[in-house]
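Please view the sequence and the structure first, then read the points below.

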Amino acid sequence: MAVAMSPSFLTDSSNGSPVTDSRTVELQARERLGASPYAQLRKVRCHVRDGMLFLTGELSSYHMKQMAQAAVRSVEGVTVVVNLIEVE
């Protein structure tokens with residue numbers, strides 16, 4: 001199944017139907033971060049564009065930065081995680 005990306009949503013090129021829209025991807029990523037046992041991850045901000053999930057904000061360690069990325073890596077509709085989180 002080939003997937004084509006557009007700014008508003010991902011589509012299945014075989015039938016043109018939406019796979020997962022950006023808002024849904026963003027909400028699922030926020031839910032994953034919020035459900036993490038690491039409370040710090042709840043302050044990470046998410047933004048989706050063209051299937052890329054951008055993580056921003058500040059965390060206390062590189063370990064927490066990696067945990068944030070791991071938490072959202074398998075969200076459906078995410079093609080790439082761009083981890084822009086800064087370590088304080």
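**Helices, sheet and their packing**

Helix α2 lies across β5 and β7, running at about 160° to β7. Contact here means heavy atoms within 4.5 Å, and the axes are lines fitted to C-alpha atoms, for helices over the stretch in contact, with angles from 0 to 180 degrees between N-to-C directions. The model is predicted: local features need pLDDT of at least 70, side-chain atom pairs count only at pLDDT 80 or more, and totals for chains, interfaces and linings use all residues. Residues are numbered from 1 along each chain as its sequence is written, and side-chain values use heavy atoms, with hydrogens and water left out.

**Overall composition**

- The protein contains two helices and eight strands; helices (H or I, at least four residues) and strands (E, at least two) are DSSP runs, numbered from the N terminus.
- Along the sequence, these elements follow the pattern β-β-β-α-β-β-β-α-β-β.
- Of the 88 residues, 34% count as buried, where buried means under 20% relative accessible area, exposed over 50% and partly exposed in between (1.4 Å probe, protein chains only).
- Among contacts with a separation of 6 or more, 51% come from residues 24 or more positions apart.

**The three-stranded sheet**

- Three strands form an open sheet of mixed pairing, in the order β4-β5-β7; two strands pair if DSSP finds at least two bridges between them.
- Strands of a sheet pair through backbone hydrogen bonds, either parallel or antiparallel.
- The edges are taken by β4 (45–49) and β7 (80–83), each with a single partner strand, so one side of each has no neighbour in the sheet.
- On average, neighbouring strands of this sheet are turned by 20° against each other, direction ignored.
- β4 and β5 run antiparallel and are joined by five bridges, with Cys 46 opposite Leu 55 in β5.
- These two strands form a hairpin with two residues between them, and Asp 50 in the turn has a positive phi of about 55°.
- Strand β5 (residues 52–56) pairs with β7 in the parallel sense over four bridges.
- Met 52 has Val 80 in β7 as its bridge partner, while Phe 54 stands opposite Val 82 in β7.
- The covered face of β5 carries Leu 53 and Leu 55, whereas Met 52, Phe 54 and Thr 56 are on its uncovered face.

**Helix packing**

- Helix α1 lies across β4 and β5, running at about 155° to β4.
- Helix α1 (residues 22–35) packs with helix α2 (residues 62–72) at an angle of about 130°, their axes 9 Å apart.
- That angle makes α1 oblique to α2; angles under 35 degrees count as roughly parallel, over 145 as roughly antiparallel, 65 to 115 as roughly perpendicular and the rest as oblique.
- The crossing of α1 past α2 is right-handed, meaning that the near helix is turned clockwise from the far one by less than a right angle, with anticlockwise being left-handed.
- Ala 29, Arg 32 and Leu 33 in α1 meet Ala 68, Ala 71 and Val 72 in α2.
- The residues of this contact comprise five nonpolar, no polar and one charged; Ala, Val, Leu, Ile, Met, Phe, Trp, Tyr, Cys and Pro count as nonpolar, Asp, Glu, Lys and Arg as charged, and the others, Gly among them, as polar.

**Gln 66**

- Gln 66 is placed in helix α2 and is partly exposed, with a relative accessible area of 41%.
- Gln 66 and Ile 85 are 19 residues apart in sequence and 9.4 Å apart in space, C-alpha to C-alpha.
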